[in-house]
Amino acid sequence: MARPARRACIGHVSADPLLPLRAFIDIGGSGAQADAFTIWIVQWAGQEIRILDYYEATGQVLAYHVHWLRAHGYQGATIYLPHDGVNENNITGKRYEDHLRDAGFTVEPPVKNQGKGAAMMRIEAVRRLGPKMWFNEATTAAGRDAIGFYHEKKDDARHVGLGPEHDWSSHAADALGLMAICYEEPERVPGFNRVIQYPNQGYA
């Protein structure tokens, strides 16, 4: 997925206080050998996709990740989960989506399992949206390193590709890919063109 990382714009990107925050998650476990738990914090602003922050942790319980969201001011973010968001937490036995709702977050229904070829679908979605993406340089470096490294597994003996490699970089890439397949053009979002009422401003 190196190509969108190079094509994207990187610099100072700030949040628009009038637009919703969105948190796109790839779920990891809580054991010593668990995969990484990753989060991209994003806003869809006009024709821009503002990528504000990146988080990654390994082997931590869900409460640890929730604390990071709250500590960084993302408690109002809408949460987007992959298909395993309906899985039960291996410590509590409760579904991830239910835990996050109980913690006060708005949680979209987890994306359905897209089956074979899902990883390539996410890669192509990120490539298509690459020109719209603006990464905040100060807070997304680790995630950008990961998507820049993300690559195809190869059978060198037969000179064939075997699909995306599952390694340290794939969790950041999967979470960004989740954002790309969930992305909606602003004019397609319900209420995008609604009249905004500003209370107590003295205007009719």
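## Sheet

Two strands count as paired if DSSP finds at least two bridges between them. Helices (H or I, at least four residues) and strands (E, at least two) are DSSP runs, numbered from the N terminus. This is a predicted model: local features need pLDDT of at least 70, side-chain atom pairs count only at pLDDT 80 or more, and totals for chains, interfaces and linings use all residues. Residues are numbered from 1 along each chain as its sequence is written, and side-chain values use heavy atoms, with hydrogens and water left out.

Seven strands form an open sheet with mixed pairing. The order is E1-E7-E4-E3-E2-E5-E6. Strand E1 (9-11) and strand E6 (106-107) are the edges. Each has a single partner strand, so one side of each lacks a neighbour in the sheet. In general, strands of a sheet pair through backbone hydrogen bonds, either parallel or antiparallel. E1 and E7 pair in the parallel sense, over three bridges. Ile 10 stands opposite Phe 135 in E7.

## Helix packing

Helix H2 (residues 62-71) lies across strand E2 (22-26), E3, E4 and strand E5 (78-80). H2 runs at about 145° to E4. Axes here are lines fitted to C-alpha atoms, for helices over the stretch in contact, and angles run from 0 to 180 degrees between N-to-C directions.

H5 and H6 pack at an angle of about 95°, with axes 8 Å apart. The two helices are therefore roughly perpendicular. The classes are: under 35 degrees roughly parallel, over 145 roughly antiparallel, 65 to 115 roughly perpendicular, the rest oblique. From H5, the contact (heavy atoms within 4.5 Å) uses Gly 143, Ala 146 and Ile 147. From H6, Ala 172, Ala 173 and Leu 176 take part.

## Nonpolar cores

A nonpolar core is a set of buried Ala, Val, Leu, Ile, Met, Phe, Trp, Tyr and Cys residues joined through side-chain atoms within 4.5 Å. Buried means under 20% relative accessible area, exposed over 50%, and partly exposed in between (1.4 Å probe, protein chains only).

The largest core has 26 residues. Trp 40 and Ile 49 have the most contacts inside it. Strands E3 (36-45), E4 (48-58) and E7 (133-136) each supply at least two residues of this core. So do helices H4 (118-129), H5 (141-149) and H6 (170-182). H6 gives the largest share, eight residues. A second, separate core has 23 residues, including Ile 25, Tyr 55, Val 66 and Ala 77.

## Salt bridges

A salt bridge is a side-chain nitrogen of Lys or Arg within 4 Å of a carboxyl oxygen of Asp or Glu. The count is nine.

Glu 124 bridges to Arg 127, with the closest N and O atoms 3.0 Å apart. Both lie in helix H4, three residues apart, about one turn of the helix. Glu 124 is partly exposed at 40% relative accessibility, and Arg 127 is partly exposed at 26%. Elsewhere, salt bridges with shared partners join Arg 95, Glu 97, Asp 98 and Arg 101 into one network.

Glu 97 is buried at 6% relative accessibility, whereas Arg 95 is partly exposed at 34%. Arg 101 pairs with Asp 98 at 3.7 Å between the closest N and O atoms. Being three residues apart in helix H3 (residues 96-102), these two are separated by about one helical turn. Arg 101 is partly exposed at 33%, as is Asp 98 at 22%.
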